[in-house]
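Hi,

Here is the structure I promised to pass on.

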Amino acid sequence: MEIQTVKETIETVVCEVLEQMAFMFPEPAGGADEIAWDEFEFVAASVSFSGDCEGESLMIAPMPFCVELSANMLGEEIDPANPKEKHCDALKEVLNIVTGQLLTQCFSDKAIFNLSAPRAESVSVAKVRELAGKSDSSCSMVDSYPIVSRFTVKGS
């Protein structure tokens with residue numbers, strides 16, 4: 001699958017999942033250069049997969065986005081005082097669903113994959129900028145929050 005097609009698929013899937021799970025509405029970002037990255041503390045969630053092919057799915061979001069995401073998914077009031085892990089868990093769950101849908105759309109529902117448990121970790125602004133600038137990364141905005149998504153398959 002061509003990089004542009006994969007990028008468009010990522011944008012579509014991320015948008016659909018965030019709309020359905022969290023009532024959040026991403027829009028494609030104009031360009032990575034136009035985003036005020038330094039305003040945020042970022043969390044990167046990742047899931048690796050193996051089976052018919054191997055690779056990794058990645059989603060990077062600012063912590064305030066994760067707080068809202070968690071609240072929306074659980075139907076609760078926004079509470080930044082909740083443990084950071086709770087907010088990261090919401091991002092990991094969204095990524096898990098996004099990864100499953102991307103695998104199905106890119107390789108069909110007949111393909112067999114094993115997914116790792118999602119992981120989350122803090123990531124530097126420099127790393128976020130680097131990943132956002134890659135040709136196979138998608139960058140979206142949810143309100144004022146930049147979201148970077150990436151889906152890589154080994155050997156392609």
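The lining of the second largest pocket divides into six charged residues, five nonpolar and one polar (Ala, Val, Leu, Ile, Met, Phe, Trp, Tyr, Cys and Pro count as nonpolar, Asp, Glu, Lys and Arg as charged, and the others, Gly among them, as polar). Among the lining residues are Glu56, Arg119, Glu121, Lys127, Glu130 and Arg150, along with Ser46 and Leu131. E2, E3, E5 and H4 each supply at least two residues of that lining (helices, H or I, of at least four residues and strands, E, of at least two are DSSP runs, numbered from the N terminus). The volume comes to about 160 Å³, taken as the space filled by probe spheres set on grid points joined across faces, edges and corners. A pocket here is an open set of points on a 1 Å grid over the protein atoms alone where a 1.4 Å probe fits, with protein on both sides within 12 Å along at least five of seven lines; lining residues have an atom within 4 Å of a point.

Before you go further: this is a predicted model, with local features needing pLDDT of at least 70 and side-chain atom pairs counting only at pLDDT 80 or more, while totals for chains, interfaces and linings use all residues. Numbering runs from 1 along each chain as its sequence is written, and side-chain values use heavy atoms, with hydrogens and water left out.

Now H4 (residues 125-132): Val125, Val128, Leu131 and Ala132 are its buried residues (buried is under 20% relative accessible area, exposed over 50%, partly exposed in between, with a 1.4 Å probe and protein chains only). Seen down the helix axis, they fall within an arc of 125°, so they line one face of H4; the arc is that of the directions from the axis to the C-beta atoms. They pack against strands E2 (42-51), E3 (55-62), E5 (119-123), E6 (137-142) and E7 (145-153).

Pro118 sits in the loop between E4 (113-115) and E5. At 24% relative accessibility, Pro118 counts as partly exposed. Leaving out residues up to four places away in sequence, Pro118 touches Ser46, Val47, Lys92 and Asn96 (contact means heavy atoms within 4.5 Å).

Last, H3 (residues 84-107): its 24 residues should span 34 Å at 1.5 Å a residue, and the end C-alpha atoms are 34 Å apart, which agrees (the expected span is 1.5 Å times one less than the number of residues). Just after H3, Ser108 has a positive phi of about 85°.

Cheers
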